[in-house]
Amino acid sequence: RPEQRGPEEDHPVFHPPQDLKVDAHVPDFSSYLNLYRKSVDEPEEFWGNVAEEFYWKSRPSEDRPIMQYNFDVTKGNIYIKFMEGAKTNVCYNVLDRNVLERSSMEHMNVSLATSGVRKGDRVAIYLPMIPELVYAMLACARIGAVHSIVVRITALTVYGVYRGEKLINLKLIADEALERCRDRTPCSVQKCIILAIGYVVLTAAFFCLLKNHAYYLTFVLFLSKTPWDAQHDIWWDDALEGMCDECEPEWMDAEDPLFILFTSGSTGKPKGVLHTTAGYMLYTALTFKYVFDHHFHDVYWCTADIGWITGHSYITYGPLANGATSVLFEGIPVYPHVGRFWEIIEKYRVTKFYTAPTAIRLLMKYGKKPLQKYDLSSLQILGTVGEPINPEAWIWYHETVGQGRCPVVDTFWQTETGGHVLTPLPAATPLKPGSATLPFFGVQPTILNEHGEELEGEAEGYLVFRSPWPGIMRNVYGNQERFETTYFKKFPGFYVTGDGCRRDKDGYYWITGRIDDMLNVSGHLLSTAEIEAALTEHPAVAEAAVVSRPHVVKGECLYCFVTLKDCREFTHAVLDELKKQVREKIGPIATPDFIQNAPGLPKTRSGKIMRRILRQIARNEKDLGDLSTLADPKVVEILFSQRCEAAA
């Protein structure tokens, strides 16, 4: 547990601004410690108090613990249950409850129920970042259908929806997917509903994967020259004729499924992560409220795609559970100009801003000038998500974007955790650039060595958690064995994150990268994140990624991909400077054996670097497997073509 002591002196420390403490939910470090101790010592009371803020159709039995679980595979199947037996509805809590408190209620028009979708059906949603995506998610939650946002697609054409200057025909992609469904037994497509809004047309086809038939819900943005299937395509307005405006919520058990979300595949075959109703709702609501110190007057903006867990938890469910005013953004950071983010912050007077280190490093390339055109004085809190942020990017974000007055909450969590697990609280936690700092309420981290032994004090090893919190995943959909093997068999009794971690003498946690991204060079365990941070400190480097490559003597050696800033050339002089920088920052053992010029890196749409692919490029392995989550597959061809230029 964190103790009440000051951060170590050998790291720069940024203390919370005094004006933020005035009305903060957690105004100082001692308040954080008190709440944290209560959350782990008295979880029944702590989470019971959180639950009081929500509506329950019925409460769980008083003789049943609020949290039941088994993390030890040697004692039986792994399971987690929270408030089992209670009845509630997520849509009612994030929509009706807030509207009833603030204004007269307007009934929600839900078309899914009239289209044959029922409680327990699986509904896939394929929709750009527009309000209808949120409506569809809430409609599923309201009637008890389990939604899964489709971002993994097998083909892309150039017609239908813009991402920057790129036009993608989502309708044709959906048609191809539906055709595959029609060819698959027992899957059969029931209908495809088209909604016309001016020049924009939305397509929806419903299916479920139960009882030998399928309702496939996909909302697709497309333009006029798209094929029309008279057998399955109908107009949305025609489908809604005579539909009632009222839809009574389906009252769900606390442990009924809410959604399935497939991981990005950055470390292998995607897994269907299953989240359930009550625990996920409470946890995303509480983390959003405290981590962003949300208040009614705030304007919040998360730049993620809803198709990923960040968009689920911190665009849809967490903010709506708090009645937050949010910005919903469809686009990329540098289109139509490199000041797009700053322009939006000024226009909507954004107070809380949440984005990825990848986006920050991208915008760093263009310097301070684009920011100076806009008024960013509304900003109060900045956040980062998706990967460890290197100190240089952290400080630029804090000093340039936040103008030295906005705390940066560097949040560590996963699709599997449902919400933040290691994070600062903006008015309470002294900040160290690059550290995810301390655990959120109810979260009990520890560090293990390779033998499963707990390490005390300053240590580095495997980051694990000894007990669950309400929002943790419940299973890998349809595969209990993979669930247990992936997360619980390596160290029985603990949830294994798959990430390496260092804990400093103040109890602060520093994520060092995926364990499979840790390198063992001549018996020395090296962190790819630390090497990448050293490379990105060079003034010519915009971004870097480091992977391992087999070495006949060392076992493994360092293979580095570097993306240079605009107008910088990849010369022998730059190559020598980069090697020198890593050697001086970390030590001679960390000197890269290979540094390859990378005009771009393979990333998912959420901005995650797919290091699995980089490892295969470094080893010249051409069979890359599933590439469907890549934002730009052409990057892979370019990296392979330039691989021979990597200099040892």
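How many helices and strands are there in the protein chain? There are 17 helices and 30 strands, where helices (H or I, at least four residues) and strands (E, at least two) are DSSP runs numbered from the N terminus. This is a predicted model: local features need pLDDT of at least 70, side-chain atom pairs count only at pLDDT 80 or more, and totals for chains, interfaces and linings use all residues. Residues are numbered from 1 along each chain as its sequence is written, and side-chain values use heavy atoms, with hydrogens and water left out.

**Whole chain**

- Of the 648 residues in the protein chain, 59% are buried; buried means under 20% relative accessible area, exposed over 50%, and partly exposed in between (1.4 Å probe, protein chains only).
- The protein chain has an accessible surface of about 26400 Å², from the Shrake-Rupley method with a 1.4 Å probe.
- Carbon and sulfur atoms account for 50% of that surface.
- Take the contacts (heavy atoms within 4.5 Å) between residues at least 6 apart in sequence: 70% of them join residues at least 24 apart.

**Helix H3**

- Phe46, Trp47, Val50 and Ala51 are buried in helix H3 (residues 43-51).
- These residues lie on the same side of H3, because they cover an arc of only 135° around the axis; the arc is that of the directions from the helix axis to the C-beta atoms.
- An α-helix has 3.6 residues a turn, so residues three or four places apart point the same way.
- The packing partners of the buried H3 residues are helix H2 (29-41), strand S2 (79-82) and helix H8 (277-291).

**Sheet S28-S29-S30**

- Three strands form an open sheet in the order S28-S29-S30, with mixed pairing; two strands pair if DSSP finds at least two bridges between them.
- Strands S28 (541-551) and S30 (594-597) stand at the edges with a single partner strand each, so one side of each has no neighbour in the sheet.
- From one strand to the next, the twist averages 25°; axes are lines fitted to C-alpha atoms, and angles run from 0 to 180 degrees between N-to-C directions.
- S28 pairs with S29 (residues 555-564) in the antiparallel sense, over 10 bridges.
- Arginine 549 has cysteine 557, in S29, as its bridge partner.

**Cysteines**

- The count is 0 disulfides, a disulfide being a pair of cysteine sulfur atoms within 2.5 Å.
- Cysteine 247 is in no disulfide; its nearest cysteine sulfur, in cysteine 91, is 8.1 Å away.
- Cysteine 247 is buried, at 15% relative accessible area.
- Cysteine 560 has its closest cysteine sulfur in cysteine 557, at 9.2 Å, too far for a bond.
- Cysteine 560 is buried too, at 0% relative accessible area.
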